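Biologist: Please go through this structure with me, one topic at a time.

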Amino acid sequence: IAEIDLVAVVYDSKDRSASRILTEAVSTGRPVVATAVPGAIEMLATGAGTTVAHDDEEGMARAIRRYLSDENEYSNAASRAAAISAQVNWDEVARRLAGILTDRLPEQTV
C-alpha cells in the first residue's frame with residue numbers, strides 16, 4: 001500500500017451508502033477516485049478525491065490522469081485524505097467512543 005499513488009474504487013450499485021473499502025482507500029493517505037455513491041460523495045467532498053458517474057469510464061480516466069499529472073491537485077487531495085485517515089483509524093475511533101461513553105454514563109460509586 002505504501003507504494004501506491006492513487007486508489008480507484010468502482011461500485012456496481014448506485015445505492016451503496018458506506019463502504020469499508022472506501023474508508024480503507026482514504027486511509028492510505030492517497031487521492032481516491034470513486035464511483036459516485038452517497039458514501040463516496042460525502043467522504044470525498046472534503047477534497048480527498050473525486051467521484052465520477054456510474055459507467056463513466058472516460059470520467060474515471062480523466063480524474064485519475066488529473067491527479068497523476070498535476071502535483072498541486074495530487075498533494076492537496078493526499079493531505080486531505082491523510083487528515084480523514086487520522087480521524088477514522090481504529091485507535092481514534094475507540095478514543096472518541098470511550099469519550100462519548102464516559103460523558104454519558106453515570107459515575108459509579110464503590
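Biologist: How many aromatic pairs does the structure hold?

Modeller: This is a predicted model, where local features need pLDDT of at least 70, side-chain atom pairs count only at pLDDT 80 or more, and totals for chains, interfaces and linings use all residues. Residues are numbered from 1 along each chain as its sequence is written, and side-chain values use heavy atoms, with hydrogens and water left out. Rings of Phe, Tyr and Trp (its six-membered ring) pair if their centres lie within 6.5 Å, planes under 30 degrees apart being stacked, over 60 edge-to-face and the rest tilted. The number of aromatic pairs is zero.

Biologist: Which residue has its charged end over the ring of Tyr67?

Modeller: A charge sits over a ring if NZ of Lys or CZ of Arg is within 6 Å of the ring centre and within 35 degrees of the ring normal. Here the charged end lies 4.7 Å from the centre of the Tyr67 ring, and the residue is Arg66.

Biologist: What is the strand order of the open sheet?

Modeller: Strands (E, at least two residues) and helices (H or I, at least four) are DSSP runs numbered from the N terminus, and two strands pair if DSSP finds at least two bridges between them. Strand 1 (7–9) and strand 3 (49–52) are the edges, each pairing on one side only. Strand 2 (residues 32–35) pairs in the parallel sense with strand 1 over three bridges and with strand 3 over four bridges. The order is 1-2-3.

Biologist: Which residue of strand 3 is the bridge partner of Ala34?

Modeller: Ala34 of strand 2 is also the bridge partner of Val9. In strand 3, the partner of Ala34 is Thr51.

Biologist: Which helix packs on the sheet?

Modeller: The helix touches strand 1, strand 2 and strand 3 (contact means heavy atoms within 4.5 Å). Its direction makes about 165° with that of strand 3, where axes are lines fitted to C-alpha atoms, for helices over the stretch in contact, and angles run from 0 to 180 degrees between N-to-C directions. It is helix 3 (residues 57–69).

Biologist: Is Thr35 buried or exposed?

Modeller: Thr35 lies in strand 2, and beyond neighbours within four places in sequence its contacts include Val9, Met60 and His54. Buried means under 20% relative accessible area, exposed over 50%, partly exposed in between (1.4 Å probe, protein chains only). Because its relative accessibility is 2%, Thr35 counts as buried.
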